[in-house]
Each structure stands twice: as C-alpha cells, then as structure tokens.
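Take a look at the structure below. Then read on for a short report on how its two parts meet.

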Amino acid sequence: MSARQIAVGDTVETVLTEDLTRTQIVMYAGASGDYNPLHTDDLYAREGAGYPGVFAHGMLTMGLTGKAVTDFVGDGELLRYGVRFRSQVWPGDRLTSTLTVTDVKEEDGRAVVELEVVTVNGDGVQVVSGYAAAALS
Amino acid sequence: MSSYTFPVESGQILLFARSVGYPDSAYADPSAGAPPTFVQSGAQYDPDYPLRPTPGEPWLGSGKTPSGAKPPEGGGGLHGEQHYVYHRPVRVGDVLTATTTPGKSWEKSGRRGGKMVFEEIVTEFRDAAGELVVTARAVRVIPSQVVESPAADAAAAR
C-alpha cells in the first residue's frame, strides 16, 4: 500500500467470521496460553461463573481484527494498535470490521496512515473499537 | 514487577496466526514477523501465569464439579483495553524479555452506583540487546461491588 493510493475517509470492510466457532476459541486458548475456562468450559461458564455459556477472549476478537489491519497495511510496518473491549463476543457471532483512514501524515520522514478500527457483531453492536497506525512502504 | 524470557519460535507463530484467522502462508516466511497481538502468547513462557492449570493443583474449570477452585488472585476484573506500540517487528529467533509493571490507576463511578477501578498493566518486550521491541499496555476494570456477570478475565490482560 503506498501513500498516494490512500486518502482520509477511505474505508475497508472485512468479514472476520460468518459464524464464530467454539473450536476457534479453543484454538485461541491453546495458542495464546490463556486457558481461562470462561472461554472453553461451558459447564464452568454457566454453573461456575453464571454466564449463559462460553464467550470469546477479548484478545481473540482483537486478534481477528488485527488480521483486517495487517491485510490493509500489507508490506507496511505496523506502529501502533489498540482497542477498547466494548461488548462480549459469543459463539455463532458474525464479526465485521471497518477500517477508516483518519489521517495520512509524515512521521520521522515516513508516510504514516492512521486508522480508526471498529468491529461489530451481527446485530451491529460494537464489540471492539480502537485505532491503528502504520508506516507505508 | 515480574519478568520472564520469551523465545520467538516459528511454530508458535504458526499456531498463533491460525488461532486468529490467518492462512498458514501468512507468516510462513521467517522474515514476515508475527501477528500484531502475538506477544500475548508470551503467557506460555510466564512461569507464574495464573490462567494455566498446574499439575497437582486445584483448577478453576470443571471436572467432577462445575468449578474446582476459586478465581486466581487479582480475578474479578475485566479486560477493558489493550494497546501495543511496535518499536520494530517481532522476528523468529528473538529472545524477548517481558517485564510487567503496574501503570496508572484511576476510579470512575459506575452506572449502578458502584465505583469502577481502572488499572494499567504495562509489559515491555525487549530483545537480547535490551532494545524495546513491543510495549503492551492493558487496562483492567475492577468493579468495587459484585456485578451481574463477574469474570476472572483480568489475568489475561497481563
């Protein structure tokens, strides 16, 4: 991605998953090392912790959203990425992220693109919102 | 302050990349770096990470009963925010030292009258030369009274 192809206000929408599976959550638990049973152990989540069932790690949603960011950044170098966790993500959720270019500027002699990052569930409710910045190659 | 050593290996990057939706090809080249949130898997190398069962010790999750232990120390909070600053890409072969320190702490009034305590946890990942590679800043949110859905998610914020 080069700076001249990008303009403030550009948006990219990416479907992260059509149907978040419990197995994807298990994969995230195993890979990240976060074995909190709230996310993988339905009996614990319901009867031990009082939730309707297991739900995704916030960091799984941030990770899936991160793929939308790196797909956009391409060969550029990610400089910053941050989110606020706004709502829980449940098995079966459809997740869509929208990246919006908020600024293109010079930073230490490089062209840097600033993005607003929002991921919503199938009901349009924000599950994470935040920002990313990348130096373009 | 706590500290542990985190060797960056290609197999761990593959497994982590799959777990957040990347095709195997995405990080197959050792020079491709790692997914943006990859340093979370440093938890695997943290000897004191509380959200991993320890042989012979009671565990939070279900077995014969729905829960076998109380939530870990510092539980009862939620992972509210996560921020990363990348000083350079993480690379296969890096041996990172992760050092976690408490950051700022502040309070807000909750909607149901209780107080919410916000705590920052800052983890610096430095390479063998001592240079910063990634700075991770988590914010955990701890309600001062029991909320409808308590969670022990906070330890994941480290």
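## Where the chains join

A:Arg84 stands opposite B:Glu81 in β2(B). The side chains of these two, B:Glu81 and A:Arg84, meet in a salt bridge (3.6 Å, N to O). That term means a side-chain nitrogen of Lys or Arg within 4 Å of a carboxyl oxygen of Asp or Glu. This is a predicted model, where local features need pLDDT of at least 70, side-chain atom pairs count only at pLDDT 80 or more, and totals for chains, interfaces and linings use all residues. Residues are numbered from 1 along each chain as its sequence is written, chains are lettered from A in the order in which they are written, and side-chain values use heavy atoms, without hydrogens and water.

β2(A) and β2(B) pair in the antiparallel sense over 5 bridges. Two strands pair if DSSP finds at least two bridges between them; strands are DSSP runs (E, at least two residues), numbered from the N terminus. Another antiparallel pair lies within chain A.

| Strand pair | Bridges |
|---|---|
| β2(A) and β2(B) | 5 bridges |
| β3(A) and β4(A) | 11 bridges |

Both pairs belong to an open sheet of 10 strands, in the order β1(A)-β3(A)-β4(A)-β5(A)-β2(A)-β2(B)-β5(B)-β4(B)-β3(B)-β1(B). β1 (11-17) of chain A and β1 (2-7) of chain B stand at the edges, each with a single partner strand, so one side of each has no neighbour in the sheet.

How much area do chain B and chain A bury between them? The value is about 3200 Å², 58% of it on carbon and sulfur atoms. Buried area is the accessible area (1.4 Å probe) that two parts lose on being put together, summed over both. In chain B, B:Ser19, B:Pro66 and B:Tyr86 lose the most area to chain A.

Notes:
Helix = DSSP H or I, 4+ residues; strand = E, 2+ residues; numbered from the N terminus.
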